[in-house]
Amino acid sequence: DASDAQWRNFRGNLPILTVVLGIFTLVANMLRAYFCLQAMGMSIVWLLISLTYLSYLHGAFILFVLAIASVNFLLAKVRVVQVSDIFGRRKYFSLILWTFNLSFLLCNRVYEGYSFSNLGFNNGFSAMGLPVQYMHSTTIVIMARTGNLGLIWTTSGVPSDGISASILIEIGALCSHFGIPAIVLRMISFGYDYHWADRSSRIDQKKHIQHCHICSSGKTCYLLLQERSVQNDKFSFVIYLCYLLYAPLYIAGPVISFNAFASQLDTPQKNYSLREVAWYGLRWGFSLLLMELMTHFFYYNAFAISVRLLVASPYQFPNKSFTPVLNFMWLKFFLIWRYFRFWSLISGIETPENMPRCINNCHNLESFWKNWHASFNKWLVRYMYIPLGGSQRKLLNVWVVFTFVAIWHDLEWKLLSWAWLTCIFFIPELIVKSAANTFQVESTFGEFVFRELSAVAGAVTITCLMVANLVGFVIGPSGINWLMAGFLQKEGLPTLVGIFITFYVGTK
């Protein structure tokens, strides 16, 4: 089953990616060891490597990326001069930073990338092995759609040798499935970390070291790396560009804050020994074997994206549609994210684990979103949720955060529907949890009742999660009526009850 474009492109480019990233990390580690390089030296090494890498991926489009990055750097550095002299008051820094980056992101969404036919398309097509004379007119598009992985080259005319546009799309050099959105996250992270550099940490570092099992053992956990500000000389333009373009994480992340990245350029990560990194890579290999078995024998994704889904009967729907597809998606992202994290660990940069917990062990929305793309979750908490007021405005903040997440993925109604449905289902869970925390169960009977109610609540939230993701990524908002008609009628009710009981038992 090669119907998923992200997985098809990643799998097809895996050999060349492994060779390229292997050479990059070997060269960087040898230079670090031989010349005893620190942050500035390593940033120069990785910047040169990354620019070489991106020049092949993007061609001359890299000039546009560097121009946008430079403007963001200047906006962040404006606080050196009194911001009040330029923008009125210093408190408007967040507004300026978010306005610039959201405008950049939205333009990318609205215009499906950026027209760049007049600058360097010759180099880009030549790097891909396509003779330039075959192209009539060219537009470079950075795709960040869910389900697409790569720098997509499109043509308004048909190549003169008859090569179809679909083939050109498949040939597109492997790039970030985030594309521009990933760069936006990094630019915002740099801006805030620099802006907060002279402020005290939001956590008590001494107490944290005492209670954290990683920090108490003499190592440094990611939370401390993220919250502990680096020295001012680390906020240089070279280190900033290295952070944005760092080759092992450029294609697919995981997301890492600027503070955590810059501090590990000085002192490489020590949480994973060489043996543990090797075991990490071996486990990834076994997971890849599992994916090969799944895609060769179970065609869940191909069925889910086909029109046959809409004519499936209710009792066929759970087994042939979203339940197994969600597991396929989990394993796909698990493999992609862990692959690039593996190379980052070898290079001395530890990032958060994106899939720290199996999807089938998450029985409420909060735990699901903490363990699905966990590095993005940490980014959202630090740079959106807490600045918006944190838990004091929790019920309001979830709407802002999930709306941003939907726009970050793509500007489509079905993703906005997914975000708002998730919020509608999320708010009752937050209220119930808050109420449950005020009661302390003391008797055995009380524990029994609490356990049963928790299992029922888990079954409800898993069902809601399925519905929200089904609308957002499979059937769209127009399919809600079909979904309700299928399951709220006589034929579908037994299936709905069966699904609910299965989730109840599984949660319990």
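Lys-332 lies over the face of Phe-333, at 4.4 Å from the ring centre. A charge counts as sitting over a ring if NZ of Lys or CZ of Arg is within 6 Å of the ring centre and within 35 degrees of the ring normal. The model is predicted, so local features need pLDDT of at least 70 and side-chain atom pairs pLDDT 80 or more, while totals for chains, interfaces and linings use all residues. Residues are numbered from 1 along each chain as its sequence is written, and side-chain values use heavy atoms, with hydrogens and water left out.

Aromatic pairs were searched for next. The whole structure holds 45 of them. Rings of Phe, Tyr and Trp (its six-membered ring) pair if their centres lie within 6.5 Å; planes under 30 degrees apart count as stacked, over 60 as edge-to-face and the rest as tilted. Phe-73 and Tyr-240 form a tilted pair, with 5.2 Å centre to centre and 40° between the planes. This pair links distant parts of the chain. Phe-73 is in helix H3 (residues 62-77) and Tyr-240 in helix H11 (residues 237-245), 167 residues apart. Helices here are DSSP runs (H or I, at least four residues), numbered from the N terminus. Phe-73 counts as buried because its relative accessibility is 11%; buried means under 20% relative accessible area (1.4 Å probe, protein chains only). Tyr-240, at 0%, is also buried. Both Phe-73 and Tyr-240 belong to one aromatic cluster, whose members include Trp-46, Phe-190, Tyr-194 and Phe-261.

A second pair involves helix H20. Phe-402 is in H20 and Trp-418 in helix H21, 16 residues apart. Phe-402 is buried at 8% relative accessibility, and Trp-418 at 2%.

Helix H20 itself covers residues 394-409, 16 residues in total. From first C-alpha to last it reaches 22 Å, close to the 22 Å expected at 1.5 Å a residue. The expected span is 1.5 Å times one less than the number of residues. Among the buried residues of H20 are Asn-397, Val-401, Phe-404 and Trp-408. The buried residues of H20 pack against helices H5 (93-110), H8 (180-195), H18 (365-371), H19 (374-385) and H21 (413-437).

Glu-227 is found in helix H10 (residues 222-227). Glu-227 counts as buried because its relative accessibility is 7%. Not counting residues up to four places away in sequence, Glu-227 touches Ser-201, Arg-202, Ile-203 and Arg-382. Contact means heavy atoms within 4.5 Å.

Methods: Helix = DSSP H or I, 4+ residues; strand = E, 2+ residues; numbered from the N terminus. Buried < 20%, exposed > 50% of the residue type's maximum accessible area, 1.4 Å probe, protein only.
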